[in-house]
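Reader: I want to learn how to read the features of a model. Please take me through them, one at a time.

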Amino acid sequence: MNEVTLLDPPQLDRLLGNVDPEDMPETVDELKAMHERLEQLPGHQYHSLLNDLSRSKQMLDDNYTDLMNAFDHFENNPGTWMADDEEQVQRALMDFTRKLHNYLAMCLSLRDHTYRVKDKLDRDDLDEQYSARMDELDLVAPASFMIKLRNYMQHQRIPVVTGQTSTHVVSGGPTERTAKILFDKTELLEWDRWDAASHKVLDDLDEEFQIRSVIENYHATLTEFYDWLAGYITELYADEIEERDELIIEMAEKQEELFPGINEDLLDEVQDE
């Protein structure tokens with residue numbers, strides 16, 4: 001369903017505030033009554049939970065994009081690591097570290113938000129399928145590692161980040177220089193609050209490792225998981241959400257009587273179905 005613009009009762013009152021009450025269309029009262037019905041529908045609550053979860057995942061995606069852009073900047077501009085101005089290098093590193101922290105912090109926020117959704121729905125079958133899917137995707141260990149790395153940065157210290165440059169000759173072309181960002185595993189292991197799950201990730205890493213590949217693999221798998229989760233919850237409450245959608249269409253049609261064109265895309269979509 002396309003995005004729909006629903007005017008709540010206070011908005012209707014403001015927009016129609018200059019209309020004489022005796023001339024007020026009956027449609028206004030009908031819309032207000034529909035709003036009351038909508039708020040009481042279980043499907044509306046389920047839809048809101050799914051929307052909130054989707055927004056949290058989108059925020060994580062946005063932070064992921066920012067972080068990947070930071071990686072690209074360093075890898076495609078190896079001169080950053082060899083600048084004579086040490087302060088310039090440190091500013092660049094702090095900018096990368098800030099974006100890494102934003103991503104990791106949102107990983108924690110999304111996890112906590114997901115737990116709240118599960119608690120509100122309170123279904124054994126959802127909990128069972130959730131755990132099974134996490135295991136199937138082998139997501140428990142990398143998810144734990146991301147949260148623990150966030151805690152490390154928050155409560156222990158900012159990780160030591162180093163840059164490594166390399167030079168190679170492109171066949172038939174000029175010499176190219178590339179760079180990569182490395183983390184020191186020994187330094188991370190000095191912290192004693194890694195749990196067993198996050199150790200599964202740490203134990204497989206080199207002494208100096210590229211955090212980018214760890215994050216890329218995790219985010220791709222996490223996206224697959226949340227695509228499944230949204231679909232699964234939608235399927236569980238398909239009838240309730242359908243009832244909500246039908247009322248939304250009725251409300252959009254009523255609003256069209258007052259404000260032509262306000263939901264033209266949605267109504268065109270409905271007519272095409």
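Reader: Let's start with one residue. Which helix holds E242?

Author: A helix is a DSSP run of H or I, at least four residues long; a strand is a run of E, at least two; both are numbered from the N terminus. E242 sits in helix α10, residues 238-258. Two ground rules come next. This is a predicted model, in which local features need pLDDT of at least 70 and side-chain atom pairs count only at pLDDT 80 or more, while totals for chains, interfaces and linings use all residues. Residues are numbered from 1 along each chain as its sequence is written, and side-chain values use heavy atoms, without hydrogens and water.

Reader: Which residues form the negative surface patch?

Author: Patch members have over 30% relative accessible area and no salt bridge; like charges are joined within 9 Å, and nonpolar side chains (Val, Leu, Ile, Met, Phe, Trp, Tyr) within 5 Å. Areas come from the Shrake-Rupley method with a 1.4 Å probe, and for residues only the protein chains shown count as cover. Asp and Glu count as negative, Lys and Arg as positive; His and the chain ends are not counted. The charge is placed at NZ of Lys, CZ of Arg, CG of Asp or CD of Glu. Here the negative patch consists of D239, E242, E243, E246, E250, E253 and E257.

Reader: Now the overall layout. How many helices and strands does the protein chain have?

Author: The protein chain has 11 helices and 3 strands. Read from the N terminus, the order is α-α-α-α-α-α-β-β-α-α-β-α-α-α. Of the 273 residues in the protein chain, 41% are buried.

Reader: How many salt bridges does a search of the whole structure find?

Author: Side chains of opposite charge can pair when their charged atoms come close. The cut-off is a side-chain nitrogen of Lys or Arg within 4 Å of a carboxyl oxygen of Asp or Glu. The search of the whole structure gives 16 salt bridges.

Reader: Where do K99 and D95 lie?

Author: Both are in helix α4, residues 86-121. They are 4 residues apart, about one turn of the helix. D95 is partly exposed, at 29% relative accessibility.

Reader: Is K118 buried or exposed?

Author: K118 is buried, with a relative accessible area of 14%. Its side chain meets that of D127 in a salt bridge, 3.2 Å from N to O. D127 is partly exposed at 28%.

Reader: What is the N to O distance between R123 and D125?

Author: That salt bridge spans 2.7 Å, N to O. R123 is partly exposed at 25%. D125 is partly exposed too, at 29%. Elsewhere, salt bridges with shared partners join D72, R212 and E216 into one network.

Reader: On to rings. How many aromatic pairs does the search find?

Author: Rings of Phe, Tyr and Trp (its six-membered ring) pair if their centres lie within 6.5 Å; planes under 30 degrees apart are stacked, over 60 edge-to-face, the rest tilted. The whole structure has 13 aromatic pairs. Take Y130 and F225: their ring centres are 5.1 Å apart and their planes are at 90 degrees, so the pair is edge-to-face. This pair links distant parts of the chain, 95 residues apart. Y130 is in helix α5 (residues 124-136), and F225 is in helix α9 (residues 211-236). Y130 is buried at 10% relative accessibility, and F225 is buried at 1%. Ring pairs also connect Y130, F225, Y226, W228 and Y232 into a cluster.

Reader: Last, the backbone. What is phi of D122?

Author: It is near 50 degrees, a positive value in a residue other than glycine. D122 lies in the loop between α4 and α5 and is exposed at 62%. D138 has a positive phi of about 55 degrees, although it is not a glycine. D138 belongs to the loop between α5 and α6. At 58% relative accessibility, D138 is exposed.

Terms used
Buried < 20%, exposed > 50% of the residue type's maximum accessible area, 1.4 Å probe, protein only.
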